[in-house]
Amino acid sequence: MGGHFRGKRSANKEVKLNKEDTIAAIATPFGAGSIGVIRLSGEKAIEIVEKIFVSPKHTPLGDFPSHRVIYGHIVDKDKAEIIDEVICLVMRAPRSYTREDVVEIQCHGGMMPLRRILALVLAQGARLAEAGEFTKRAFLNGRLDLAQAQAVMDIIEAKSESSLRMASGHLMGKFSQQINSIREPLLEMIAHYEATIDFPEEEVDPVDNLAVSETLYDLQADIDEMLRTAHTGRILKDGLMTAIIGKPNVGKSSLLNFFLQEERAIVTDIPGTTRDSLEEYANIEGIPFRFIDTAGIRETEDKVEKIGVEKAHTYLEQADIILVVLDSSRPLDENDERIFAMLKEKDCYVLVNKSDLPAQWDIDVLPEGINRKRVFLISTRRGSGLENVIEAIKEDVYSGNAQREEAIFVNNVRQVEALKKAKQHLDDALRALDDEVPEDLVVIDLRSAWETLGDILGDSVNEEVIDEIFSRFCIGK
C-alpha cells in the first residue's frame, strides 16, 4: 500500500489516557440499598485497596488470583476502625471492563459506608473518576469501539424492550459490523488504487473503474438502508413525544388514563379541569411514549388556564405526533375550528371520541387537509377503536422497519450525520469516475468516506468529540 493512506485510530488511542492514574467512583445509584459498589481501575487499583482491605487470614489482596470474590473488611487503619463488611472482586488486566486492573468493592448500600470507603481509596492515591471515564478507558484501550461505548448509556436509559434490544445489539457490535461491511470494500479499493499509483512499474492489475462504480452504488444503497432506520431508532431510544390536544371535555384525560392503564389525569364534566400540561411515560407494544395531556384549547379569561393553552401551542410544535381528540356527541364549534387552523400542514391522528353515543356530525365535515386514513372512531369509555390507533402509530414509527433487527438501527444524530456525509463522499467519487479525473483524486473521496464512517466507530474522531460523548455518562460508568 502506498504512503497516501493512513488510519487514525492508533493516534487517537493516545487521547488523555494517563496510565499512572488510578480512578475510583461509586458505581451504584445514590440512596439506601442492600448493596453498594465502589469501582477502581488502573495500575494501582489492587495496591490501593490492599491498604484498606483485610481478609480473614490477612492474605494480601494482591496474592489472590484474578476473577475471585474475596470476603473481608474495609478498615480505616489510622483510626483502627472497621468501616464495613465487604467482598472484593479482583479483575486483572486485560480481562476487565477497562482492560486495566479493576477492583470492585461491594459493601452495604447507603451513603455513609460508600462515602467512607471512597474517601479511603482516594486518600490512598486514587483519583475521583470523571463522568463516563471507565467506559472511556474501555474505548481508548480498544475493548469497545465508540458505537459500542455509546450503547452502554443507551442500555442504562432504555425505556422499552425494543430500545433495550437495540442498545444491546449495538453493544454486542452488530451495528458496528454493518458499518464495517461498508468500510471494508472501500479499504480494498483504496489499497488497489494506491498500489497502481505508487508502483506503476510493478505488475499490478489495473483498477476496473466500472466495477468500482457498481460497488459504490451498492454501498450507497446500504447507507440508505441504514438511514431509513434512523427515525425508528431515535424514537425507540428517546421516546415518542405525543401531544394530546382538543377543546375541553372531549376525553383527552380519559384517553391518557386509557394508555397509562391508571387514573392519572382528573376526569370531570367541568370545562378547564386540565389547566396545565400533564406529562407521563408509557410503554405500548414496545414503543416508549411520552404523553403530554394539554389544557383544553378554548377562549378563556382565566389567567392560569390561558397559560396552559399557550403551553399546548408550544407542545404542538415540539411533538413527534399529535393526537387530536374530537367529541362526536356535540356539534363542532369555534374552538374546534381554532384547533383545525392550528393543525394546518401538520401530520396528526384525529380521534373522534364518544362513538358509543349518537353522533352530531359526520367525519365528512372535517377540513380537507386532514388525512382521512388517520381518522379513527373511538370510545375511551368502552376502550373501543384505540387498538387501531396504536397499530397505525406503530406502523408509522417503524416506517417499514418492523421486520428488521433493532440491533442495527441508527439511533443518534452523530451517526446520521456521518452516514450522510459518507454518502456524499461516495457521490463525489462517482462523479469523479464519470468525469475520468485522475485516480489519485478519486482516492481522496474514497478515503474521506472511509474515515467519515470511521468517526462512528471512533477510529478517526477527534479528542473534543470523545470528551463530549463521555461527559454525558454518569459517574462510575
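In which helix is Glu133 found? Glu133 belongs to helix α4, residues 133–140. The coordinates come from a predicted model.

**Glu133 and its surroundings**

The relative accessible area of Glu133 is 9%, under the 20% limit, so Glu133 is buried. Its side chain reaches the backbone nitrogen of Glu130 at 2.8 Å. Not counting residues up to four places away in sequence, Glu133 touches Ile23, Arg127 and Lys477.

Ile23, one of the residues touched by Glu133, is part of strand β1, residues 23–26. In a regular strand, side chains alternate between the two faces of the sheet. In β1, Ile23 and Ala25 point one way, Ala24 and Ile26 point the other way, and all are buried.

Strands β1 and β2 (residues 35–41) run antiparallel and are joined by four bridges. Strand β7 (residues 127–128) also pairs with β1, in the parallel sense, over two bridges. Ala24 stands opposite Leu40 in β2 and opposite Leu128 in β7.

| Pair | Sense | Bridges | Residues opposite each other |
|---|---|---|---|
| β1 (23–26) and β2 (35–41) | antiparallel | four | Ala24 and Leu40 |
| β1 (23–26) and β7 (127–128) | parallel | two | Ala24 and Leu128 |
| β8 (240–245) and β11 (321–327) | parallel | four | Ala243 and Ile322 |

The loop between β13 and α13 (386–398) holds Thr380. Is Thr380 buried or exposed? Its relative accessibility is 15%, so Thr380 counts as buried. Leaving aside neighbours within four places in sequence, Thr380 is in contact with Gly251, Ser254, Leu255 and Asn353. Asn353 is 27 residues away along the chain, and the C-alpha atoms of Thr380 and Asn353 are separated by 6.8 Å.

Nonpolar side chains tend to be buried together in soluble globular proteins. The largest nonpolar core in this model has 34 residues, of which Leu186, Leu216, Leu419 and Leu446 touch the most other members. Two or more residues each are given to this core by α7 (174–198), α8 (209–227), α14 (413–434) and α15 (439–457). Helix α14 gives the most, with nine residues.

Leu216 illustrates the packing. Apart from neighbours within four places in sequence, Leu216 is in contact with Leu186, Met189, Leu426, Ala429, Leu430, Leu433 and Leu446. Another core, of 32 residues, lies apart from the largest one; among its members are Leu260, Leu386, Val389 and Ile393.

**The chain as a whole**

How many helices and strands does the chain have? There are 16 helices and 13 strands. Of the 477 residues in the chain, 50% are buried. The accessible surface comes to about 23300 Å², and carbon and sulfur atoms account for 50% of that area. Among contacts between residues at least 6 apart in sequence, 70% join residues at least 24 apart.

Note on methods
Residues numbered from 1 in each chain as written. Predicted model: local features only at pLDDT ≥ 70, side-chain atom pairs only at ≥ 80, totals over all residues. Heavy atoms only, no water. Pairing = 2+ DSSP bridges. Core = buried A, V, L, I, M, F, W, Y, C linked by side-chain atoms within 4.5 Å. Buried < 20%, exposed > 50% of the residue type's maximum accessible area, 1.4 Å probe, protein only. Contact = heavy atoms within 4.5 Å. Polar contact = N/O pair within 3.5 Å; in protein donor to acceptor, adjacent residues only side chain to side chain. Areas by Shrake-Rupley, 256 points an atom, 1.4 Å probe, with all protein chains shown as cover.
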